[in-house]
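Take a moment to turn the model slowly before reading on, and keep the sequence beside it. The paragraphs below go through its pockets, and then through some places on its surface and in its loops.

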Amino acid sequence: MKHEPTPSPVERMLAEQACRDLVAQAALLTDTRNHEGFAALFTDDGVLIRPAAQPLQGHAAIVASYRARPAERVTRHLISNTLVTLESETLAHATSCVLLWTGLESDMAGPFGRPA
């Protein structure tokens, strides 16, 4: 049985923060419509699982799905409470709370911005 080395507290914090940064980067790339940059966050055979949608496997499928969205669609992801669990040196799981606003660029802005 192979024994995994135990990371130091600093190594653990750095790894957990890197995971949180990845979650934030994914939201930013999605909201700025950088579909290629978003897909590049995944391995070549990575699978994106979204609520109420079919899984997308690989960069091409991810990019194609996001490009198929209406061009004037606006999204803003508010991500909070990201909890990272390090399973090994190469595996981690994270859960986050996500509040997603969507709208259209053509929506008239009111005193508090566009309707969502």
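What follows begins with the pockets and ends with the backbone.

This is a predicted model, in which local features need pLDDT of at least 70 and side-chain atom pairs count only at pLDDT 80 or more, while totals for chains, interfaces and linings use all residues. Residues are numbered from 1 along each chain as its sequence is written, and side-chain values use heavy atoms, with hydrogens and water left out.

Rolling a probe the size of a water molecule over the atoms shows where empty space is left. A pocket here is an open set of points on a 1 Å grid over the protein atoms alone, where a 1.4 Å probe fits, with protein on both sides within 12 Å along at least five of seven lines, and its lining residues have an atom within 4 Å of a point. The largest pocket has a volume of about 1500 Å³, where volume means the space filled by probe spheres set on the points, which are joined across faces, edges and corners. Of its 42 lining residues, Leu-22, Val-23, Ala-26, Phe-42 and Ala-94 are the closest to its centre. Helix α1 (9–31) gives the most to this lining, with nine residues; helices (H or I, at least four residues) and strands (E, at least two) are DSSP runs, numbered from the N terminus. By class, the lining of the largest pocket has 25 nonpolar residues (Ala, Val, Leu, Ile, Met, Phe, Trp, Tyr, Cys and Pro), eight charged ones (Asp, Glu, Lys and Arg) and nine polar ones (the others, Gly among them).

The second largest pocket holds about 180 Å³ of space. Among its 15 lining residues, Thr-30, Arg-33, His-35, Pro-70 and Arg-73 lie nearest the centre, and the largest share of the lining, four residues, comes from β3. Its classes are four nonpolar, four polar and seven charged residues.

Arg-33, named above, lies in the loop between α1 and α2 (35–39), and its phi is near 60°, a positive value in a residue other than glycine. Most residues other than glycine have a negative phi. Ala-52, in the loop between β1 and β2 (56–57), also has a phi near 60°. Arg-33 counts as partly exposed because its relative accessibility is 33%, whereas Ala-52 is exposed, at 91%; buried means under 20% relative accessible area, exposed over 50%, and partly exposed in between (1.4 Å probe, protein chains only).

Thr-90, in the loop between β3 and β4, is exposed because its relative accessible area is 76%.
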